[in-house]
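Hi everyone, thanks for coming. Have a look at the structure on the screen, and then I'll walk you through a pocket and an interface.

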Amino acid sequence: MLTHVTPDTSPGTNPEILVSLTKDQVLHIAMLARLRLAEQEFDDVVAKLSRIVEFVDQLQAAPTKNVLPMAHPLQQTQRLRADVVTESDERDAIQANAAMVRDGFYLVPKVIE
Amino acid sequence: MVGQSTNLHGLTLTAMARGIASGDITSADLTAQLLRRVSTLGSELNAFISVTEDTAMAAAALADKARGSARRGKLHGLPIVHKDLFCTRGVRTTCGSRMLENFVSPYDATVVERLARAGAITLGKTNMDEFAMGSSNETSYFGPVRNPWNPALSPGGSSGGSAAAVAARIVPAATGTDTGGSIRQPAALTGTVGIKPTYGRVSRYGMVAFASSLDQAGVITRTAEDAALLLGIMAGFDSRDSTSVDHPVPDYVAGLAAPLSGLSIGIVRQHFDAGLDPECAARVREALSVLKSEGAVLTEVDLPHLDLSVPTYYVVAPAECSSNLSRFDGVRFGYRASDPRDLMDLYCRSRGEGFGAEVKRRIMTGTYVLSAGYFDAYYLQAQKVRQLISEDFRKAFAKVDIIAGPTAPTPAFALGAKTDDPITMYLNDIYTIGANLAGLPGISVPCGFAGRLPVGLQLVGAHFAEERLLACAHQYQQLTDWHERKPESCA
Amino acid sequence: MKAGWEVVIGLEIHCQLATRSKIFSGASTAYGATPNVQACLVDLGYPGVLPVLNGEAVRMACLFGLAVNATIATRSVFARKNYFYPDLPKGYQISQYELPIVANGEMMIRGEDGTEKRIGITRAHLEEDAGKSIHEGLGQYTGVDLNRAGTPLLEIVSEPDMRSAAQAVTYLRKIHSIVRYLGISDGNMQEGSFRCDANVSVRPAGQKALGTRTELKNLNSFRFIDKAINFEIARQIGLIEDGGQVVQETRLYDAERDETRPMRSKEEANDYRYFPDPDLLPVEIAPAYVQKLRESLPELPDAKKTRLQSQYGLRPEDAEILIGSRELADYFESLAGTTAAPAPLAANWVIGELSAALNRDNLDIGHGKIGAAELAGLLNRISDRSISGKIAKEVFEAMWAGEGSADQIIRKKGLIQITDSAAIEAIVRAVMDAHPTQIADYRSGKDKLFGFFVGQVMKQSGGRANPEQVNEILKKRLSDAR
C-alpha cells in the first residue's frame, strides 16, 4: 500500500484523457513493449485497444478522493532472507534452454554503445 | 473389489485413495485406465498439451511396490494433471503459448513438488488460455479446448483443459490457476468444483506469473472433499515466495463436517441483475434455498462497486502482466525469431511472433496504463478502486460468514462466439474478479443445469476462510447430486 | 572555469554492497567468475521464479543512511523500472522509486577555499545490478554475462550542490571512504563496485535558473571524474558562448582522448513505467532496529580524524592521511598504543616508510610485511636511542625483506648506535686531525664545511654515531679550534 496521497483524479480534472487511441499511440506502445505488429493485425489492434481503453475509462468516475491505492490484498510486510549463498553452478543445464550460447555467454545481435 | 474394475475413472480422488490404501486398486491399473482416456477423450477435447505416459506408468509401478512402506503420502499412487502454467522439471511447460512451445523447465513449481512428495503421479499438462489470459480456452496456441458437455462449446478459461479433464472423468483432479476467475468460471461451466484460495495461501513459486498480485494456484475436482484433500497438501508457507503467508494450514478434510446450521450467508443485491442468465439465476436461488433449509441464514449484502471490478481488473492485471512478460525476449529461453537484423528486431519479432493476439493486447493495455501521462488516471486510479472493492467485502463480511451467488453470468457459450469484442469476453468474470482483487478465497460448486449445461454456485469467504467454504460446499454436496452428473460422452 | 560562469553538479553513485549473496536470490556475488556460473534462475528471470529480499542489504543501506545523517524510512517500497536491454533479464530492474529506504542526508566537505560546505544527499535506495554486455570478441554478436545481475546496489543521489569538479571529487572520496569504513562496500572502482555518474550544467554567474544538464557516464576513477567534468564544463561554456544550446543527453567519457561524447544507444527517451513490484511487499524498518544499528556504527572518518589529532597530537594533514582507510588508522593506533615512541613519530613512519613500502610492492595495509607490533619494536629502538633514524630505515628494509625482528637485525648487523660521548669525541678528534686544510678553511668562514665533518664522523663510525651528539660535539670542538 502506498502511503502518500495523490491528487484527485475524478472527472473534470483530466479532460485531456482521450478515449480512443491513435495509430501513432499504438505504434509507440508497441515499441515500448517490443512487440512487432503485422500489417494485417494493426488496424484490429488499434480498434480493440481503443475499445478496452474506452471500457476502463469508467474508472475515472469512481469516488476515489482520499482513498489509498492498494498494491497488495493482504497487509503484509516483506520478509528478509539471511545473507547465505544457496545456489551453485548449474549453467550448462540451464543454458540448454538458450537458442544461442558461446563460451558461456548468451548471444544477441551486436549492440553498439 | 479387486483391481480389475474398468470404471475406476468414475471414482472420486478420495475413493481412489481409499482403494489404493486398502489394496483394492493398483496404481498401475488406475494410471493405465486414465491414460487410455487421456489419449481418447482427452484428445477429442484437446484438453492436454503434454502427456507423460512413460514416467506416469513407471511412477505407478513404483507406487505399487511401495505399498508396504509405512511412509506413504496422502496421495500415494494417485494420478493427477497440472495446468501447463506450472513449471515441471523435465517436462515441457508451454503456458499454452508458442513462446514456450519447447521450453523445458529445470525446476518444479512448489505446488508440483508438494503434490509429488505426497505421492501424486502426473499424467500430463493441461491446455489453457495463453499465459492464463482468457475465459474460454480459445487463446491457446495449441487450439481451443472443448466442453465435455457439448464439444461445440467452450469449457471456460483459462484453466479450460483442467476443467474439461476432470468433468470428463479423465482424471479425478487437476491443478489450475485463478487470476480473475480462471479456476472458478471453468468449474462452473463444466459442472466441477474449483477452488481459489486466499492470496498468499498457496505458493506462487514456479507458477508462471500473469498478474502477480492476483494470481493464486488452486484445484479443480468433482467434490469439495477432494478439493480439501489437495488444498491441504498444496497450501502453506514457502520461503521462496515473498507473498506467501506464514499462516497455519488447518485440516481441511476434518473441517468438512461443520454443519450448515447457523451459517450466515450473504446474497449480493447487485448479482441478480439483467446481466445474469435467468436459468443460472434460478439454479442459484434454488441452491440458496437448499442451504437455507439446512439452517443457513440468508442476508442481503451490498457490494456497491461490483460494476467497477471488471474495468479495475483490466487495468491492474494487464499492467502487471505487461511487466511480467517482458522476460520473454528470445535471449535465455523460449521462442527466438530467426535471423534478426539487430537487437530491436530480435525483441520485436520474437515477441511479436511468439505471443498470440490476446496476450499482445493485454501487454499493450498494460504498457499504456503504466505509461507517462496515463499512470495516475488509470493504474493509480484502479488501485484505489481496488481498495474500495476490498472495503465493500470487508463491510459485507462484518455481517455474514460467506457470500454466495452465481459463478458465471451464463452457462457455457459457443466456441468462437465471443472472440470479436474483447469486452464481452471480459464480462464473463464479473462475479469472480472481486475475490481476486480483494485476495479472498472462492469456490464454485455445481448447483444444477440450465438446459443441459451446468451452472455453478460461487461461495466467497473472508481471508483464510477456505475451511468454511469447503465445509459449506461439502454439506451442499451431501444434499445434492449435481456433482455426480456426468456428460454423456464420458460414461 | 571561465570567469562569469558557474557550474552546477549533482552526482549519482551506484555502490555495490558487499553481501555474500545477491539482493533477491541466493547466488554468489563473488567477482571474477566465468560467465553465467553465478546466475541462478531468479537472476536469469526464468518463468515462475520470485525475488526474496536479502536482509543484509537492508542493514547495509540503513548503516549508510545513519552515517550521512539521513532519515531511514520506516516503510519503503520496491518498484519495477521497465526497459529492454540484454543485460536486464527480466525486462525490468527491481529498484525503489517513490519510497526509498534512505532520504534527506548530508555530507560536509571542505571547499577549495578551506571552508566547510554542505552537500545534500537527496536519497539512497536499494536496487539490483544488471549483468554485463561484452561487445568485443564475439564476432557479430554481443555476449551477455549475468553473473552480476542481482548484485545489490545502493544508489546514492546527491543534491546538485557541487560547484566545481574538485568539490565533486572531494564529495566522492568522502562517500567512498565512508562506505569502506562501514564495511558495506569494497569501493573498488576498477572492478565496478563503486560507479559514478555526474550531472553537469552551467549558467551565468548569479543566474538562479539551472542550465540544461548532461549526464556523464563511464567515470571509473577519481582522476577521470575530475577531467571529465572539467572538459564538460569547458565544452558547455564554449558551446553557449558560440551561440549554441546544450542538448540534454547522456555522454560517455573517453579517457584516451580526454573528452566526452554522446552515447549512442540511449537516444529515445525511456518511459520506465515505474510501479510498485507486486512480488515484493513493503519493507518495514522498526525504530528499535535503527537504534541498534546506530549503536553499532563504527567511528566514521571525520570523527576519527578529530580524535587522532587531539588524542595523539597529530597534525591535521597527517591525521587526514591516516584516516584514508579504517585499516590504516587501526594500524597506526595499534602501533601508537604499543610503542614507547611518541605518536607523531609513529605517524611519520606509517605515512612515510610503511606506506612507501606498501605502494612499492602494491600491497594493502592488511597484507603488509611488518605488523604494528613489530614496527613498534623498531620505533622503540629509535626512541631509546639505540639506533638513529637513518639506521632505522635500513633496519626497516631488512624487516620488510623478512630478515627478522628489529632487535634481531640490529644485533646481527651490529647497528647499535654509538652514544658514548668519549667514543664520539675520539672519532671527532681523529677526523679533525686528519683534515687540517678543511679545519683551516672552516675557521676562515666556510661554514658549509660543517656538513663535511659530520659526514666524515658518520663514515668513521659506520653510520652508528648518534647524529645529535655528533653535531653537538663537532660544534664545540670546531669552535674551540677557532
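Let's start with how residues get sorted: Ala, Val, Leu, Ile, Met, Phe, Trp, Tyr, Cys and Pro count as nonpolar, Asp, Glu, Lys and Arg as charged, and the others, Gly among them, as polar. This is a predicted model, where local features need pLDDT of at least 70 and side-chain atom pairs 80 or more, while totals for chains, interfaces and linings use all residues. Residues are numbered from 1 along each chain as written, chains are lettered from A and ligands numbered from 1 in written order, and side-chain values use heavy atoms, without hydrogens or water.

Okay, the second largest pocket. What kinds of residues make up the lining of the second largest pocket? There are 16 nonpolar, twelve polar and twelve charged ones. Domain 1 (5–289) and domain 2 (299–404) of chain C each supply at least three residues; those bounds come from an automatic or database assignment.

Now, chains A and B. Their contact (heavy atoms within 4.5 Å) involves 72 residues of chain B and 54 of chain A. The rule finds two salt bridges across that interface, meaning a side-chain nitrogen of Lys or Arg within 4 Å of a carboxyl oxygen of Asp or Glu. A:Arg51 and B:Asp421 form a salt bridge, at 3.2 Å from N to O.
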